[in-house]
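Subject: Structure handover

Hi,

Here is the structure I promised to pass on to you.

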Amino acid sequence: MKVYNYGKQSITEDDIKSVIDVLQSPYLTCGPKVKEFEKAICEYTGAKYCVAVNSATSGLHIAMLAAGIGGDDDVITSPMTFLASANCARYCGANVVFTDVEPETANIDPVEIKKQLTPKTKVIVPVHFAGQSCNMEAIQKLLPVDRKVYIIEDAAHAIGSDYKDTKVGSCKYSDMTVFSFHPVKTITTGEGGAVTTNNEVLYKKLLAFRSHGMHHTQDWKYDMVELGLNYRMTDIQAALGCSQIKRLEQFKKRRREIVDYYNRNLRLPHLVEKEYSNACFHLYPILVEDRKSFYDKAKEIGLNLQVHYIPVHTQPYYQKLGYKWGDYPNAEKYYEHCISLPLYPDLTNEDLEDIVSRIKRIL
Ligand SMILES: *Cc1c(COP(=O)(O)O)cnc(C)c1O
């Protein structure tokens, strides 16, 4: 019996060749491929600057550092996300303020953000759940005029997605956008991430925080101005990224076809795509009555599904900080019923028929 996971990378001969080429070149890291990949991301998204890093988690961390957040600042994000969207604030000692989601998109709700904004709010991290952009214009309109509040988009799910007339990552409605290239995401570098921005000051800070806080490197000389990290991407990873990004439009087309197929053939409760969105879908979550039993039965018939996500505020670490079950009812209700079906570009039409018929057997 064929086994399907919820996500899977798509690797071609070209991808393999581009990695081998780097292995036979003089630079395994800090070479030309990283710059080439950054340029390709700028061209694709329309952003002015891009800094490639070794994961989206690292990208979120240096974006927080570049925004200058620390001890007494509040960072607003969604509870319906992967841990890293919130943890990046904690790395800098800042407080995480979760904000409930819209039931039909599982995206952070601008109305809820408005209720949580205080003079301590320094950053808002909208998470583009399943690949669908948050309502960025509505979020931007909430910003106070008398002081700076940064918007850092967690677009780990959303490379290839459009919001209105812009690509996610263009930073038209934000200060920085962070992508992930983990193998389950839409394009991969094994592990990897990137931060885009249109702001030159932030760009220079991101570059420095990626590499030990070093500035003005020339010949043997450099100045360490602040405490940075080693979050660099290798040329081996970047070469795979350069090759993968060429197929991004094709991936998007196929991902949308699969979503459409499931919508038409399963007719189960699923996310609603808003009029402002043209998503490169990363996930296809459905809502089922008895999720535990559905998960177990699916596993028995070769469908390895996944739950996205356990609301972050309910994790033991965040409960110790004072959060509890019941704090964000929309996110919690969504979590009780959600389960993500297989969604990746290498699924054939026969695979889709097979998956749908298996699901119908266990509903
Ligand atoms: C995957 C993911 C991350 C972290 O990405 P890594 O590249 O694995 O560090 C962050 N946020 C969201 C929403 C994710 O799905």
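This is a predicted model: local features need pLDDT of at least 70, side-chain atom pairs count only at pLDDT 80 or more; totals for chains, interfaces and linings use all residues.

Residues are numbered from 1 along each chain as its sequence is written, and side-chain values use heavy atoms, with hydrogens and water left out.

Let me start with the aromatic rings. Searching the whole structure gives 14 aromatic pairs. Rings of Phe, Tyr and Trp (its six-membered ring) pair if their centres lie within 6.5 Å, and planes under 30 degrees apart count as stacked, over 60 as edge-to-face and the rest as tilted. Tyr49 and Tyr203 are a stacked pair, because their ring centres are 4.4 Å apart and their planes are at 15°. This pair links distant parts of the chain, 154 residues apart: Tyr49 belongs to strand E2 (residues 49-53) and Tyr203 to helix H7 (residues 200-210). Helices (H or I, at least four residues) and strands (E, at least two) are DSSP runs, numbered from the N terminus. Tyr49 has a relative accessible area of 19% and is buried; that word means under 20% relative accessible area, with exposed over 50% and partly exposed in between (1.4 Å probe, protein chains only).

Phe82 and Tyr309 make a tilted pair, with 6.4 Å from centre to centre and 50° between the planes. Here too distant parts of the chain are linked, 227 residues apart: Phe82 is in the loop between strand E3 (74-77) and helix H4 (84-91), and Tyr309 is in the loop between strand E15 (303-304) and helix H11 (316-320). Phe82 is partly exposed at 46% relative accessibility, whereas Tyr309 is buried at 10%. You will also find one aromatic cluster formed by Phe98, Tyr317, Tyr318, Tyr323 and Tyr328.

Two rings have a charge sitting over them, a label used if NZ of Lys or CZ of Arg is within 6 Å of the ring centre and within 35 degrees of the ring normal. The charged end of Lys148 is over the ring of Tyr150, 4.9 Å from its centre, and that of Arg291 is over the ring of Tyr335, 4.8 Å from its centre.

Now to the strands, where two strands pair if DSSP finds at least two bridges between them. An open sheet of 3 strands runs in the order E8-E7-E13, with antiparallel pairing. Strand E8 (166-167) and strand E13 (277-278) are at the edges with a single partner strand each, so one side of each has no neighbour in the sheet. Strand E7 (residues 162-163) pairs with E13 in the antiparallel sense over 2 bridges, and Tyr163 stands opposite Ser277 in E13.

Strand E11 (residues 214-218) is hardly covered, as the count of buried residues among its 5 residues is 0. Its antiparallel partner is strand E12 (residues 221-224), over 3 bridges, and His215 stands opposite Asp223 in E12. E11 and E12 form a hairpin with 2 residues between them, and Asp219 in the turn has a positive phi of about 50°.

Strand E16 (residues 338-341) is covered on both faces: Cys338 and Ser340 on one side and Ile339 and Leu341 on the other are all buried. E16 pairs with strand E14 (residues 284-287) in the antiparallel sense over 4 bridges, and Tyr284 stands opposite Leu341.

As for cavities, there are 2 of 30 Å³ or more. A cavity is a set of points on a 1 Å grid over the protein atoms alone where a 1.4 Å probe fits but cannot get out, and lining residues have an atom within 4 Å of a point. Grid points are joined across faces, edges and corners, and a volume is the space filled by probe spheres set on the points. The largest cavity holds about 60 Å³ of space, and its lining residues include Ser133, Glu153, Tyr163 and Lys167.

Finally, Glu200 is in helix H7 and is partly exposed, with a relative accessible area of 43%. Glu200 and Met64 are 136 residues apart in sequence and 16 Å apart in space, C-alpha to C-alpha.

Best wishes

Key. On a 1 Å grid over the protein atoms alone, a cavity is a set of points where a 1.4 Å probe fits but cannot get out, and a pocket is an open set with protein on both sides within 12 Å along at least five of seven lines; lining residues have an atom within 4 Å of a point.
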